[in-house]
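Subject: Handing over the structure

Dear colleague,

I am passing on the structure that you will be working with, and below it I have set out what was found. Please keep the sequence and the 3D view open while you read.

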Amino acid sequence: MQTLESNRLILRNFTVTDAAGLLEYTANPRVNCFMDQRISTLEDAAAEVAKRSSDDSHIAVCLKDSNELIGELFGMREDRDSDTYRIGWNFNGRFEGKGYASESANAFIEHLFMEQGIRRLYAYVEDDNFRSQKLCEKLGMCREGLFLEFISFVKNEDGTPKYENTYQYALLKKEWLAQLELQK
């Protein structure tokens, strides 16, 4: 992926120097959807960043002044020829409340719409993940629906799957362009 910059951030492929930062926010996931991506050792984190370094579906979000990894954006096209893209994010809680998630997601969305030919973005957000719901709305995404008992990331105490209710948010390029026009 080409490196993108915003006012305070750099969006780039992962590098070997990102292992400690990745471990910091994946060791104790804050939402269930990241439980299966939990990393417990620096060695595992180093292996994961090595894998991600050549994978454009995971984008490191770093502070511009220090190159410190603070989180990631991720996503993919529905299929190779699709103009629809699924987007998501995972950020280190230590950097919460500073607008970094929305700043990086806005830069990524602009890249997807203007340079990658994407027509429609969507995100899945669990019904108890209020931070991500708020971010979707701040990005101008509309809540399209609620999938009841859509997916399971963890198990109940009795070992049965705990199913999560999941919202789908979406944004069309033409809606995004109209929002930009209103901001002028």
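Serine 6 touches Lys64, Glu103 and Ala107, leaving aside residues up to four places away in sequence, where a contact means heavy atoms within 4.5 Å. This serine 6 sits in the loop between strand 1 (4-5) and strand 2 (9-12); strands here are DSSP runs of E with at least two residues, and helices are runs of H or I with at least four, both numbered from the N terminus. Serine 6 counts as buried because its relative accessibility is 13%, the term buried meaning under 20% relative accessible area with a 1.4 Å probe and protein chains only.

Before going further, please note that this is a predicted model, in which local features need pLDDT of at least 70 and side-chain atom pairs count only at pLDDT 80 or more, while totals for chains, interfaces and linings use all residues. Residues are numbered from 1 along each chain as its sequence is written, and side-chain values use heavy atoms, with hydrogens and water left out.

The largest nonpolar core has 32 residues, and those that touch the most other members are Leu11, Ile70, Leu73, Trp89, Phe108, Ile109 and Met141; such a core is a set of buried Ala, Val, Leu, Ile, Met, Phe, Trp, Tyr and Cys residues joined through side-chain atoms within 4.5 Å. Helix 3 gives the largest share of this core, 7 residues. Leucine 11 has contacts that include Met1, Ile59, Leu73, Ala107 and Phe108, again not counting residues up to four places away in sequence. A second, separate core of 11 residues includes Ala19, Leu22, Tyr25 and Cys62.

The largest pocket is lined by 40 residues, and Phe34, Trp89, Asn90, Asn129 and Ser132 lie nearest its centre. A pocket is an open set of points on a 1 Å grid over the protein atoms alone, where a 1.4 Å probe fits and protein lies on both sides within 12 Å along at least five of seven lines, and lining residues have an atom within 4 Å of a point. Strand 5 supplies the largest share of this lining, 6 residues.

Finally, strand 7 and strand 8 pair in the antiparallel sense over 9 bridges, pairing being assigned if DSSP finds at least two bridges between two strands. Isoleucine 151 has glutamate 164 in strand 8 as its bridge partner, and in the hairpin of these strands, with 5 residues between them, glycine 159 takes a positive phi near 90°.

With best wishes

How values were computed. Buried means under 20% relative accessible area, exposed over 50%, partly exposed in between (1.4 Å probe, protein chains only).
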